[in-house]
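Hi,

Here is the structure I promised to pass on.

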Amino acid sequence: MARVVSGFRSGPSRKACWLQIVNRTSRQANIIWVDYYGRETNYGMVLPRSIKSIHSYEGHPWLCRDAISKKRLLLNNDETFVPSCPDEPDPNDEVQSLPIIVVNISLPLFTLQDISADIVSKCLSNEKDIWTLDLPIKLKDLIVNCYRNVNS
């Protein structure tokens with residue numbers, strides 16, 4: 001079942017554009033459109049340091065997740081990106097093609113706690129092993145969430 005993003009959803013729009021998604025990270029990134037019901041719809045993966053073009057419309061929210069950890073990545077330094085198309089076409093464009101909006105994928109600033117939980121969760125072969133670790137409960141809960149994200 002698709003994940004629902006609260007408060008965000010695509011609305012009706014006739015202003016089309018192209019998104020040029022530029023992955024500036026060393027991670028594989030899933031590009032996700034938030035549909036008319038607020039559900040996440042995967043539009044495919046962008047490999048590290050590569051570009052993918054996606055057709056979109058003004059007011060349609062997009063987000064990005066690391067393909068492995070499922071953690072949110074940034075689109076133009078924000079957790080969500082909502083295209084805003086120019087009102088007037090470029091007078092120098094003889095073909096009058098759709099506007100192209102460049103969207104850069106980057107990494108958020110992860111805390112040391114998040115990074116540590118990710119590393120520990122990848123070293124474990126079973127979720128039950130987390131509870132045998134001599135760590136505070138709060139950190140164990142975080143490791144469980146990381147483990148489930150990676151193994152879901």
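W18 stands opposite I100 in strand 7, and its bridge partner in strand 4 is H55. Keep in mind that this is a predicted model. Strand 1 is largely enclosed by the rest of the structure, because six of its eight residues are buried.

Zooming out for a moment, the protein chain has seven strands and two helices, and along the sequence the pattern is β-β-β-β-β-β-β-α-α. Of its 152 residues, 35% are buried. If you take the contacts with a separation of 6 or more, 64% come from residues 24 or more positions apart.

Now the inside. The largest nonpolar core has 17 residues, and L19, I21, I31 and I105 are the ones with the most contacts inside it. Two or more residues of this core come from each of strand 1 (16-23), strand 2 (29-34), strand 5 (62-66), strand 6 (72-75) and strand 7 (100-106). There is also a second, separate core of eight residues, which includes A117, L124, I130 and L142. As a general point, nonpolar side chains in soluble globular proteins tend to be buried together.

What does L19 touch, once residues up to four places away in sequence are set aside? The list is K52, S53, I54, S56, W62, F81, P83, I101 and V103.

Which element gives the largest share of the lining of the second largest pocket? Helix 1 (residues 112-123) does, with five residues.

On to M45, which sits in strand 3 (residues 40-46). Is M45 buried or partly exposed? Its relative accessible area is 37%, so M45 counts as partly exposed, given that buried means under 20% and exposed over 50%. Leaving out neighbours within four places in sequence, M45 is in contact with Q28, A29, N30, K52 and A67. K52 is also among the residues that L19 touches.

Last, two backbone angles to check when you set things up:

- K70, in the loop between strand 5 and strand 6, has a phi near 70°, which is positive in a residue other than glycine. K70 is partly exposed, at 25% relative accessibility.
- N76, in the loop between strand 6 and strand 7, is not a glycine either, yet its phi is positive at about 50°. N76 is partly exposed as well, at 31% relative accessibility.

That's the lot from me.

Cheers

Note on methods: Residues numbered from 1 in each chain as written. Predicted model: local features only at pLDDT ≥ 70, side-chain atom pairs only at ≥ 80, totals over all residues. Heavy atoms only, no water. Core = buried A, V, L, I, M, F, W, Y, C linked by side-chain atoms within 4.5 Å. Buried < 20%, exposed > 50% of the residue type's maximum accessible area, 1.4 Å probe, protein only. Helix = DSSP H or I, 4+ residues; strand = E, 2+ residues; numbered from the N terminus. Contact = heavy atoms within 4.5 Å. Pairing = 2+ DSSP bridges.
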